[in-house]
Amino acid sequence: MDERELISKKDLLEATGISYGQLYRWKRKQLIPEDWFIRKSTFTGQETFFPKTLILQRIDRILNMKDDLSLDELAGKLSPLLYDVELRKDELIKRNIVSKVVLDRYAAKDAPDAIYPFEKTLFFFIVDKMLQGGGMSLEEGVKLLETLREHFAKCENGNGELLLIRKMGVSSFILTTGAGGIFFENGVKVVERLSLSDCVEELKMKIG
């Protein structure tokens, strides 16, 4: 079963009230990832579709932010490209970017003044987010960190998705790249599904 629901360009424009020109201007400004524009054959010919949840969330964010920020500033906030920024461990807790529970559990050996690059902060941030969602255990957090450390670099600067799936009590993490479909065998439950670019964006907003 394909877990991803698509929306056609026509339905997207009607649902959001934006114009064709706005959609493609935002694409050129990299506010909307190019790989979200999915060309598919239909009975009327070739049409463009989008991953429905991702595109609706992204357009809602753009519409809410566009009055306060220029398109270039928005691009900086929404771009999946990773920040070149380093943060101290104690600063992450003090600024409520990552919880103390997560850092005590998964970075206990690091000194309070240990400095983390953006990517490592992102990993802790994602683990924190998954734990707070209630679908992942502390033990599974170890497995998630290992998965991110091993495979995140393959996700083209944060494009893709993270899935936590479970079947008969056995959990697995999946990192996807791009906007292609994902198919599961019967009995697999998708416990959590996160857009990596949304996580990057959310962390950037927290860092400021």
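Predicted model: local features only at pLDDT ≥ 70, side-chain atom pairs only at ≥ 80, totals over all residues.

Which residue in β3 does Ile7 stand opposite? I found Phe50 there. Residues are numbered from 1 along each chain as its sequence is written, and side-chain values use heavy atoms, with hydrogens and water left out.

**Entry 1, the sheet.** I checked how β1 meets β3 (residues 45-51): three bridges join them, and they run antiparallel. Strands here are DSSP runs of E, at least two residues, and helices are runs of H or I, at least four, numbered from the N terminus; two strands pair if DSSP finds at least two bridges between them. I then read the order of the open three-stranded sheet as β1-β3-β2, with antiparallel pairing. β1 (6-8) and β2 (38-42) stand at the edges with a single partner strand each, so one side of each has no neighbour in the sheet.

I looked up Thr147 and found it in α8 (residues 138-151). Thr147 counts as buried because its relative accessibility is 14%, and buried means under 20% relative accessible area, exposed over 50%, partly exposed in between (1.4 Å probe, protein chains only). Leaving out residues up to four places away in sequence, Thr147 touches Phe152, Phe173 and Leu175; contact means heavy atoms within 4.5 Å. On the face turned away from the buried side of α8, I noted the exposed residues Glu139 and Glu150.
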